[in-house]
Amino acid sequence: MEYCKVFLKPKKEESLLRFHPWVFSGAIQSVEGEPEEGDLVEVYGANRRFLAIGHYQIGSIAVRVLSFTSIAIDDAFWVERIRTAYELRKTLRLAGVETNNTFRLIHGEGDNLPGLVIDMYARTAVMQAHSVGMHYARHQIAEALKAVLGDTLQNIYYKSDATLPYKANLGSEDGYLFGGEVEDIAVENGLKFCVDWQKGQKTGFFVDQRENRSLLEHYAKDRSVLNMFCYTGGFSFYAMRGGAKVVHSVDSSAKAISLTKKNVELNFPGDPRHEAYAEDAFKYLEKMGSNYDLIILDPPAFAKHKNVLRNALQGYRKLNAIAFEKIKPGGILFTFSCSQVVSKENFRLAVFSAAAQSGRSVRILHQLTQPADHPVNIYHPEGEYLKGLVLYVE
Ligand code: SAH
């Protein structure tokens, strides 16, 4: 097949030779042909040397690389990439085991498929395209998923309305590509969750906190727990299973609170230890007493772009400062940032300032990150986004 060709400026091939999967528009010298957003293009360096093939985009990232060798991007390609990713999840003992059927199957660049996210909830795959190229490939990807997962797959829900570049003006294509309307219960480390992939946030559940929730369970015994920004209640059930005295789940979204309540009923029907409140975090934190000795702060990304970084860091500082001020002596704080533009160092600095403001003695017990089913491609360090600290507050 003949593709349009993108030629790089002299010396701009360096990052591709080191397998970084993006070509920035500023690196392009010339383009042969007239590629449209989402088309496959070939990338060449000096002396017309082939460097990569990938999806063309209009914007600062111009090409997202699918392969650094000249191969066909055909049905076999998708099957091979998805199979490799699935084998890794089996190695991680997240797939093909009884106690867990909730995992991220494809994590974009981390699985050498930039622009594609697929989360698995029992027999349902939720697919999210972040690029027009992946959007166009969605049916091919769906077929590959069926080929790799076989009978264990019964639904594929496509959900990209919020993630595709809006300038591409594609209109909503969200809906089932396969199956449909199967009520599935997701299981994570033996705990059950209803996942609303159609109306819920992201793909319906935050799969990336699995290991951090497990760690929390380990610390929960006899503690009074506040799960702030609880969404569907993930941390709360681990705290309950870990023997917490009381667990309070708070989120500003009434929908999230109703999902949390539903999930409590699934796991601990009628358990009086749990209460849930639909309230703004800052309001709740300001007026609460000093009764909690285990607090989770897992806010939404405060900074989605570099230019709002300062405000985001202030937000993290303010939020954590109240927690430091109010947590009981001997308390444990799990605090997170999922903003990709906030570095580990910056996040730690914001939390450090908050601690200093409270004047309390604070130790770092654990430094947390995303789990292995959200792998970071070693050539694409930008893929690391989740940061967490577990702190002991005297
Ligand atoms: N901890 C969750 C994921 C949190 S996502 C889990 O383990 O699944 C962030 C959540 O913060 C969302 O559910 C969103 O509704 C909530 N949120 C956003 N702004 C908020 C605010 N000002 N106060 C309270 N909750 C807020």
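Predicted model: local features only at pLDDT ≥ 70, side-chain atom pairs only at ≥ 80, totals over all residues.
Close-up 1. Helix 9 passes helix 10 in a right-handed crossing. On the side of helix 9 the contacting residues are Leu309, Leu313, Tyr316, Arg317, Asn320, Ala321, Phe324 and Glu325, and their counterparts in helix 10 include Phe347, Ala350, Val351, Ala354 and Ser358.

**Close-up 2. Tyr316 and Phe347 form an edge-to-face aromatic pair.** The ring centres of Tyr316 and Phe347 lie 5.6 Å apart, with 85° between the planes. Because Tyr316 belongs to helix 9 (residues 309–326) and Phe347 to helix 10 (residues 344–358), the pair ties together parts that are 31 residues apart in sequence. Tyr316 and Phe347 are both buried.

Close-up 3. Leaving aside neighbours within four places in sequence, Glu325 is in contact with Ser358 and Arg360. The C-alpha atoms of Glu325 and Gly359 are separated by 8.5 Å, although these residues are 34 residues apart along the chain.

**Close-up 4. Phe206 and Tyr231 form one of the 17 aromatic pairs counted in the model.** The ring centres of Phe206 and Tyr231 are 5.2 Å apart and the planes stand at 85°, so this pair is edge-to-face. The pair links distant parts of the chain, 25 residues apart: Phe206 lies in the loop between strand 13 (191–194) and helix 5 (210–219), whereas Tyr231 lies in the loop between strand 14 (224–228) and helix 6 (234–241). The two partners fall into separate accessibility classes, since Phe206 is partly exposed, with a relative accessible area of 24%, while Tyr231 is buried, with a relative accessible area of 7%.

**Close-up 5. An aromatic cluster contains Tyr121, Phe193, Trp197, Phe205 and Phe237.** These five residues are linked into the cluster by ring pairs.

**Close-up 6. Arg213 and Lys318 each place a charged group over an aromatic ring.** Arg213 lies over the face of Phe235, at 5.6 Å from the ring centre. For Lys318, the charged end sits over the ring of Phe282, at a distance of 4.8 Å from the centre of that ring.

Terms used:
Residues numbered from 1 in each chain as written. Heavy atoms only, no water. Phe/Tyr/Trp six-rings, centres within 6.5 Å; stacked < 30°, edge-to-face > 60°. Helix = DSSP H or I, 4+ residues; strand = E, 2+ residues; numbered from the N terminus. Buried < 20%, exposed > 50% of the residue type's maximum accessible area, 1.4 Å probe, protein only. Lys NZ or Arg CZ within 6 Å of the ring centre and 35° of its normal. Left-handed = near helix turned anticlockwise from the far one by under 90°. Contact = heavy atoms within 4.5 Å.
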